[in-house]
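Subject: Model for you to look at

Hello,

Here is the structure I said I would pass on, with the sequence. My notes on it follow below.

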Amino acid sequence: MMHPLHASAADLRDRLYPLQGRVQHYAWGGYRYIPALLGIDNTENKPCAELWMGAHPGAPSLLSGMTPPVDLLQWIERHPLEMLGQASIDRFGGRLPYLFKVLDARDMLSIQVHPSKEQAEAGFDAEERLGIPRNDPKRTYKDDNHKPELHVALTEFWMLHGFRPLEEAADTFSAVPELEPLAPNLRLYLEDVGDDPQHRRELLRALYGHIMTMPQREMDRLLDGLLARIEPLFDRGVLNKYSPHYWAVKAARTFPQPDGGRDRGILSIYLMNLLRLKPGQATFQAAGVPHAYLEGVNVELMANSDNVLRGGLTPKHVDVAALLKTIDFSSGPAAILQGEAISETERIYAAPAADFSLSCIRIAANKTHVQSSAHGADCLLTLQGEVILANSAGQRSLRRGDIVFIPAETAYTLGAVIKSVLYRATVPLQTIL
Ligand SMILES: [Zn+2]
């Protein structure tokens, strides 16, 4: 192999870069899916929560077969123009704009919301000025970027996404005696505000703010009463995953608070849309939309950021004031995306994100998919089958678990030896959102 430092610019751009993703061993991760995908033994039985594919400074992917070893972040810093292309640099600077992941949730994750670009810039600046170290647990903004995210379920996938229609929440609150005192007049208020979206947001904000700021002792009394009634139902197998009670019990057991207190995030389960996605279905988490992954495996694509505000179901710091400023209090049914076929082989999951685009490529045996990384670098993840990836510089065979980084402005083909499935992360054409 030619030593990377002596390669010409054109040669670098034409190359195909196999990547080694980085596994994150968060405690909520599953034990089998990611190791099986990568063909590695998990002999230590460590939880394998996320596989990161990209150039995030927290865990950049390694370029396979390079001596000395080099990661994608260093490689892009050395060769920004050849790797990212001028159009991507003009829009996002010398960074890969997206982070690509496979996520396996065995246990529930916290309720989260991500800031807008403006909120992230202002929040990051303010915390820098206050001199809060970036690794301080009380620090909210790790960087100055927004983090819209899109994910596609690879297995049956359970999650919370956005606030339910308020009428549904009112029905639940009046049907569950322990919750009723939280909002005894919710129905009357709803009749008052009618369809006015602004007034509906204010009403929900007041209810949510009340829940998030109630004294802990009152919260414990309320949740102790509810859990004393529903835990026996859970233990007898009477509750199924379509019931918020099922997840409330799981949450209480997953997130015990110090001193026996209760996590108030449990109440959000009753206020949010509880979704079961089938494999191939997706949701988009715009800035401000609260969400929580409860169980299942997905492939996820997001802007290159780590900015998360937590809203409960966590032992970590909850900054209620920042949370109330960031959450979008709109309510209604969640939008489930099915993806849209744009060719015989490619299905794109359209989302209003300028930083990334995600599609699924399915190729029948002996068929070929033609592609070009026109607007920025591509990253391909092979989930199934065997394909020959080829461009002007050469070719390589891809099988399950193989990841390849393809520099911007590269034309390539994927020829399926057998029926194959890949996910493709890329930079979309700049459009006005
Ligand atoms: Zn998220």
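Beyond its neighbours within four places in sequence, Ser397 is in contact with Glu386 and Ile388. Ser397 sits in strand S18, residues 394-399. This is a predicted model, and in it Ser397 counts as exposed because 12 other C-beta atoms lie within 10 Å, where 12 or fewer is the cut-off for exposed. Arg362 is 35 residues from Ser397 in sequence, and their C-alpha atoms are 16 Å apart in space.

Domains

Where they touch, nine residues of domain 1 are in contact with 11 residues of domain 2. On the domain 1 side, strand S7 (149-153), strand S10 (282-285) and S11 each supply at least two residues. S11 has the largest share of that side, with three residues. By type, the domain 1 side that touches domain 2 divides into nine nonpolar, no polar and no charged residues.

Core

The largest nonpolar core has 112 residues. S11 gives the most to this core, eight residues, and the core draws at least three residues from each of domain 1 and domain 2. Tyr98, Ala292, Leu294, Ala377 and Val404 have the most contacts inside it. Leaving aside neighbours within four places in sequence, Tyr98 is in contact with Gly54, Asp355, Phe356 and Ala425, among others. The contacts of Tyr98 also include Leu301, Met302, Ala303 and Asn304. As a general point, nonpolar side chains tend to be buried together in soluble globular proteins.

Helices H10 and H11

Helix H10 (residues 216-235) packs against helix H11 (residues 244-254) at an angle of about 100°, and their axes are 9 Å apart. H10 is therefore roughly perpendicular to H11, as angles of 65 to 115 degrees count as such. From H10 the contact uses Leu227, Ile230, Glu231, Leu233 and Phe234, and from H11 it uses His245, Tyr246, Ala248, Val249 and Ala252. These residues divide into eight nonpolar, one polar and one charged.

Regards

Terms used: Residues numbered from 1 in each chain as written. Predicted model: local features only at pLDDT ≥ 70, side-chain atom pairs only at ≥ 80, totals over all residues. Axes fitted to C-alpha atoms, helices over the stretch in contact; angles between N-to-C directions. Helix = DSSP H or I, 4+ residues; strand = E, 2+ residues; numbered from the N terminus. Parallel < 35°, antiparallel > 145°, perpendicular 65-115°, else oblique. Contact = placed C-beta atoms within 7 Å. Nonpolar A, V, L, I, M, F, W, Y, C, P; charged D, E, K, R; others polar. Buried ≥ 20, exposed ≤ 12 C-beta atoms within 10 Å, placed from the backbone. Core = buried A, V, L, I, M, F, W, Y, C linked by C-beta atoms within 7 Å. Domains from an automatic or database assignment.
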